[in-house]
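Trainee: Before we look at the model, I would like to go through the reasoning behind some of the labels we attach to residues and strands.
Mentor: Then ask about each label in turn, and we shall set the value against the cut-off.

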Amino acid sequence: MVISPQSTFKVSHAQPLSRRFLLILAAIALPSVGQPAIAAPVNAPSHVVAQASSPTGTRPLPQMVVNQVLLDASQRLNVARDQLQIEDYRRQTWSDSCLGLGDINESCALVTVPGWQITIASGQQRLVYRTDLVGRIFRLSRDSQTLPTTLPTTLRDRLLEHVSNQTGVAASELEVVSAEPQFWDGCLGIYVPNQACTMIGISGWRAIVSSPTQSWVWHMDGTGSNIRLNETASSGTLIPQFMASEARPSLSPEVVFQMVRTGGIAGQTMQVRLLADGQIVQSPPQMTGSSVPYLPKRLTPEQIQQFIESLDQHQFQNFNGLSYPAPTGAADYFTITLTSQSGTTQYVDMVQSQLPPQLQDIIQTWDQLQDWQ
């Protein structure tokens, strides 16, 4: 998708704005009265459809519920509350007064209880809570898990065998460059537009595999019986890396997209954000001594929606957590971090022409959007 200066950004009236985007606009246009805030950002993929519940994030999570589960998680994991993150939440209706978690010796009233399922993350640990609507009742689910930090040898060998069979490259020429544990949805975290994935909490791995001439990003479950190629992130010649968790920013609801550029000889930092109200806000380089943003333009809701749809069509969230670094020994380059509501990715300017085509298209669309007058 190319956005030219002459583009009118027309969107058919038959095509509704996304629910997430409408909620963001509503939150900005109409200040909430007495509505509790969400304690931590939720980065659930927009394509995930939870069974028997509303899509993730479509209703606000009450602060009293947040307080209860964060306090309990803090005590269980022996960590400070600010080291915990609400990774996912969704509305759910439980089948009994024990929230579906009663044991054989427990008497549970057979009444439906509306409430929440909430996933709390701390490092490699995940605690899954079930609560009622206001947090007076809450229980720790059996889905809570602690993920290993190193890809087991048996899974490594199974992955390499699978990649060899799929690519025709001998397993002896393949290398697992890096791997990180993941909790997947029913699609193993691989996003395809208009494809619904159930939120079933599959533990597994994301791994980067390389040959002398190519690299791939693979997603797999914890047994290695289901291995899928992340085609969107695997069509380039660069070997990506996994971004550190602290380097993966999350956006506040009023921000649609953000670009941060750092580096160069002068060590400049510049941030450009597209806000849900249509403003494009650019913070000048820090070396100027000024921190006051300027607002060069304002886009219409239709223009913003068209950009959001472009991110969706180019499957931006399949690049989430991936970084495309500079060649060894390189100097004087800029590192660009792109972040949407569905994920974040990073690359250096000198390798832009070698990035996967879908990511190159996203960068081109974003650049043209900023240049539009």
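Trainee: Why does E180 count as buried?
Mentor: In this predicted model, E180 has a relative accessibility of 12%, and since buried means under 20%, E180 counts as buried.

Trainee: What makes the pair of E180 and R206 a salt bridge?
Mentor: The side chains of E180 and R206 meet at 2.6 Å, N to O, and the definition asks for a side-chain nitrogen of Lys or Arg within 4 Å of a carboxyl oxygen of Asp or Glu, so the pair qualifies. This pair links E180 in strand β7 with R206 in strand β9, 26 residues apart. R206 is buried, because its relative accessible area is 5% and the limit is under 20%.

Trainee: Why is R248 called partly exposed?
Mentor: Its relative accessibility is 25%, and partly exposed lies between the buried limit of under 20% and the exposed limit of over 50%, so R248 counts as partly exposed.

Trainee: What makes β7 and β11 edge strands?
Mentor: The open sheet has the order β7-β9-β10-β11, with antiparallel pairing. β7 and β11 each have a single partner strand, so one side of each is left without a neighbour in the sheet.

Notes. Residues are numbered from 1 along each chain as its sequence is written. This is a predicted model: local features need pLDDT of at least 70, side-chain atom pairs count only at pLDDT 80 or more; totals for chains, interfaces and linings use all residues. Side-chain values use heavy atoms; hydrogens and water are left out. Two strands pair if DSSP finds at least two bridges between them. Helices (H or I, at least four residues) and strands (E, at least two) are DSSP runs, numbered from the N terminus. Buried means under 20% relative accessible area, exposed over 50%, partly exposed in between (1.4 Å probe, protein chains only).
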